[in-house]
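Subject: Structure handover

Dear colleague,

Here is the structure I promised to pass on. Please open it alongside this email. My notes follow below.

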Amino acid sequence: MAYDVTRRPDDMARITTKALADRFIEEQVQAVRAQVGDKKVLLALSGGVDSSVVAALLIKAIGKQLVCVHVNHGLMRKDESENVVRVFGEELDANLIYVDATDRFLDLLAGVSDPERKRKIIGKEFIEVFADEARKQEDISFLAQGTIYPDILESIKQAEGKKAIKSHHNVGGLPEDLQFELVEPVKLLFKDEVRVVGEALGLPHAMVYRQPFPGPGLGVRCLGAITRDRLHALREADAILRDEFDKNGLAEKVWQYFVVVPDIKSVGVKDESRYEGWPAIIRAVNTTDAMSATVEEIPYAVLHKVVARITAEVEGINRVLYDLTPKPVGTIEWE
């Protein structure tokens with residue numbers, strides 16, 4: 001399937017107020033109803049900001065015609081899938097299907113170190129999982145996605161021959177024979193605009209300003225070929241970082257913060273013995289549109305606490321580093 005490169009109109013107003021968001025919502029509700037008719041829509045619901053806003057918008061537009069599917073690909077943050085099931089399945093009463101595909105994804109990714117290959121594999125397998133679920137439903141004709149404008153800008157090679165920065169699972173990984181028509185109501189919005197729309201839809205503040213998380217999940221933060229032991233160390237280290245940011249009032253001050261763990265080891269000392277372990281690299285940035293980003297200055301007291309906890313509590317980690325690179329030249333994610 002060739003992706004529809006829809007350009008954001010030059011005169012499209014930035015959505016910065018509730019009034020503008022309300023107008024956008026009404027336009028999209030009408031557009032979705034016209035596109036979908038009486039058919040059902042399958043939504044990839046990660047629980048992140050983008051897919052959550054799309055879910056709320058589609059529920060407003062088509063109600064029970066929406067079928068939400070949450071796929072646990074084994075690359076989620078600690079307790080992530082459990083929280084998605086609780087919030088959407090219980091609190092928001094969504095029509096939610098939970099799929100545990102951990103082994104399916106990790107088996108395919110075994111030994112794959114190239115970042116683009118990992119993204120392509122994850123993207124293709126997502127579509128395969130949705131196709132499997134769609135065959136269990138009746139009248140599924142559409143696939144909804146939380147694609148936003150930076151995804152498109154960073155994924156598609158421009159006509160003048162510029163090299164794509166990276167592929168996103170919801171853009172670069174779509175197969176040519178995709179049988180669903182796409183529904184992507186926020187694909188011309190930047191991240192800050194998606195949040196304004198989310199609040200206008202009545203989503204909880206904590207959900208709207210939830211920590212961004214890439215579609216490929218921890219797969220692009222477990223650098224190089226993914227192994228289950230290093231993935232586990234990454235998940236635990238990331239959970240400690242988020243816990244300390246919450247405790248120290250940094251959770252809403254910093255736009256995105258996470259840990260990456262590369263496939264390298266260095267010599268350390270533990271229990272008076274040589275100890276080879278991986279480094280945990282902290283990334284904390286602020287941005288408004290995700291096209292550029294600045295590095296947040298984290299108090300040393302917080303950093304020292306994070307270092308002490310990760311090195312003491314996470315098996316396999318013997319160093320903690322802090323990435324000071326803005327975007328550009330570095331991207332927000334490492335892969």
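Contact here means heavy atoms within 4.5 Å. This is a predicted model, where local features need pLDDT of at least 70, side-chain atom pairs count only at pLDDT 80 or more, and totals for chains, interfaces and linings use all residues. Numbering starts from 1 along each chain as its sequence is written, and side-chain values use heavy atoms, with hydrogens and water left out.

**Glu133**

Start with Glu133, which sits in helix H5. Helices (H or I, at least four residues) and strands (E, at least two) are DSSP runs, numbered from the N terminus. Is Glu133 buried or exposed? Glu133 is buried, at 8% relative accessibility. For reference, buried means under 20% relative accessible area, exposed over 50%, and partly exposed in between (1.4 Å probe, protein chains only). Leaving aside residues up to four places away in sequence, Glu133 touches Val69, Ile97 and Val99.

**H4 and H5**

H5 (residues 115-135) also packs on helix H4 (residues 102-109). The angle is about 150°, and the axes lie 10 Å apart. H4 is therefore roughly antiparallel to H5. Axes are lines fitted to C-alpha atoms, for helices over the stretch in contact; angles run from 0 to 180 degrees between N-to-C directions. Angles under 35 degrees count as roughly parallel, over 145 as roughly antiparallel, 65 to 115 as roughly perpendicular, and the rest as oblique.

H4 and H5 cross in a right-handed sense. A crossing is right-handed if the near helix is turned clockwise from the far one by less than a right angle, and left-handed if anticlockwise. From H4, the contact uses Arg104, Phe105, Leu108 and Leu109. From H5, the partners are Lys118, Ile121, Ile122, Glu125, Phe126, Glu128, Val129 and Asp132. The residues of this contact split into seven nonpolar, no polar and five charged. Ala, Val, Leu, Ile, Met, Phe, Trp, Tyr, Cys and Pro count as nonpolar; Asp, Glu, Lys and Arg as charged; the others, Gly among them, as polar.

**H9 and H10**

Next, helix H9 (residues 228-247) and helix H10 (residues 300-313). Their packing angle is about 150°, with axes 10 Å apart. That makes H9 roughly antiparallel to H10. The crossing is right-handed. H9 contributes Ala237, Ile240, Leu241, Asp243, Glu244 and Lys247. H10 contributes Lys305, Val306, Arg309, Ile310 and Glu313.

**Cysteines**

Cys68 is buried at 1% relative accessible area, and Cys222 is buried at 0%.

**Backbone points to check**

Two cis peptide bonds deserve a look. One joins Lys327 and Pro328, with omega about -15°. Another runs from Pro328 to Val329, with omega near 25°. Pro328 lies in the segment after strand S10 (317-322), and Val329 is in the segment after S10 as well.

Then come the positive phi values. Asp271, a residue other than glycine, has phi near 55°. Asp271 lies in the loop between strand S7 (266-270) and strand S8 (273-286), and is exposed at 69% relative accessibility. Ala290, also not a glycine, has phi near 70°. Ala290 is in the loop between S8 and strand S9 (294-295), and is buried at 13%.

Best wishes
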